[in-house]
Amino acid sequence: MTPQAFLLEPRPHATQIDDLLAAFRSHPSFLLTSHTRPDGDAIGSVLALAEVLDQLGCQADVVFADPIPSSYSTLPNISRIHHTPSANDVDPTGTTPAILLECDGIIRTGLLGLEGRTLINIDHHASGRPFASVNWIDEHACAVAAMVYHIAVAANVEITPSMATCLYAGILSDTGTFTYSSTTADTFAMVHHLAACGANPSRIARDIYLSNPASKIRLLGIALSNLQCDDDLAWTWVTSEDMDRIGAIAEDCEGVVNYLISIAGVESAVFLREVANADQFRLSIRSKGETDVARIAERFGGGGHRNASGCTLDGPLPVALERILTQLRTGL
């Protein structure tokens, strides 16, 4: 079975990928990272790209500023991730080029020590921008994992079972389990190929979605008890006091907003999580209609996709709610 076996378009974005491969082949080593509060696409994509670089003869060091959520702890090669506040802890020379996935700049990584390095940027967010020496931004890609898949195919490397697992996990999580509008026939062609290469769809889904700690379910109960609906808009919140009381952590809030957007008749939804000791709220925003929540998030210094985005607002809660609900009601 050839790498191209299930591709509907054999060489999408050929020029950008050729530029990336030329950059990969011009350096002996790289740092790989992604954004703070890493999700499945960030983690799976970085681990898969590290394998691509391994096969191209490069040394690849993976580094994240924030811890890896427990739901992704079973991904292959997870142990190669360095958790540290500075890239210089992994590369004290400060000269190794860095590849940033899903970031609109080095600040989004949360890492120190990236300043002055040669940067390569691979992103699929509508808020992406060409800040690096080499940039590939495709806001139509269903996941950065899909972009890494195309890189692997173009590089003619072996898509190993471990690489396939990481890529499948990234695509599964960033398409909302294949429910977002970015999911196309090409998406299913890719995951078909990844399953043929050794990804186990049922096991990956079980590890990500059916292995929740009790604290996450308790937090969901609190969030649903705070649920408010007004016409086609739904919102809810949890406070830092709520989280402390049940022993919940930030990653337990992942996916809460999806319950809100699943309500019949709701077109936009927002979940607010209070950030402890900061008088701020972290927002997860979703839509399934015409509202472009990426534009709304960008107004508040955040970003993301048209139907799934996030940002941070200053509190107190009534102020933060008024600001975001006003924007969602007007659709601006």
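**Figure 1. F24 and F30 are both buried.** In this predicted model, the ring centres of F24 and F30 are 5.8 Å apart and the ring planes meet at 80 degrees, so the two rings form an edge-to-face pair. A search of the whole structure gives 3 aromatic pairs.

**Figure 2. Y168, F178 and F188 make up one aromatic cluster.** F178 sits in the loop between α4 (161-174) and α5 (185-196), whereas F188 belongs to helix α5, so the pair ties together parts that are 10 residues apart in sequence. F178 is partly exposed, at a relative accessible area of 22%. F188 is also partly exposed, and its relative accessible area is 43%.

**Figure 3. The protein chain holds 11 helices and 12 strands.** Its radius of gyration is 20 Å, close to the 20 Å that the globule rule gives for 332 residues, so the chain is as compact as a globular protein of that length. Along the principal axes, the C-alpha atoms fill a box of roughly 55 × 45 × 35 Å. Of contacts between residues at least 6 apart in sequence, 62% join residues at least 24 apart.

**Figure 4. The surface of the protein chain exposes about 14100 Å².** Carbon and sulfur atoms supply 50% of this area. Of the 332 residues, 55% count as buried. The chain carries 21 positive and 38 negative side chains, and the centres of these two sets are 2 Å apart.

Methods. Residues numbered from 1 in each chain as written. Predicted model: local features only at pLDDT ≥ 70, side-chain atom pairs only at ≥ 80, totals over all residues. Heavy atoms only, no water. Helix = DSSP H or I, 4+ residues; strand = E, 2+ residues; numbered from the N terminus. Rg over C-alpha atoms; globule rule 2.2 N^0.38 Å. Buried < 20%, exposed > 50% of the residue type's maximum accessible area, 1.4 Å probe, protein only. Contact = heavy atoms within 4.5 Å. Areas by Shrake-Rupley, 256 points an atom, 1.4 Å probe, with all protein chains shown as cover. Lys, Arg positive; Asp, Glu negative; His and termini not counted. Charge placed at Lys NZ, Arg CZ, Asp CG, Glu CD. Phe/Tyr/Trp six-rings, centres within 6.5 Å; stacked < 30°, edge-to-face > 60°.
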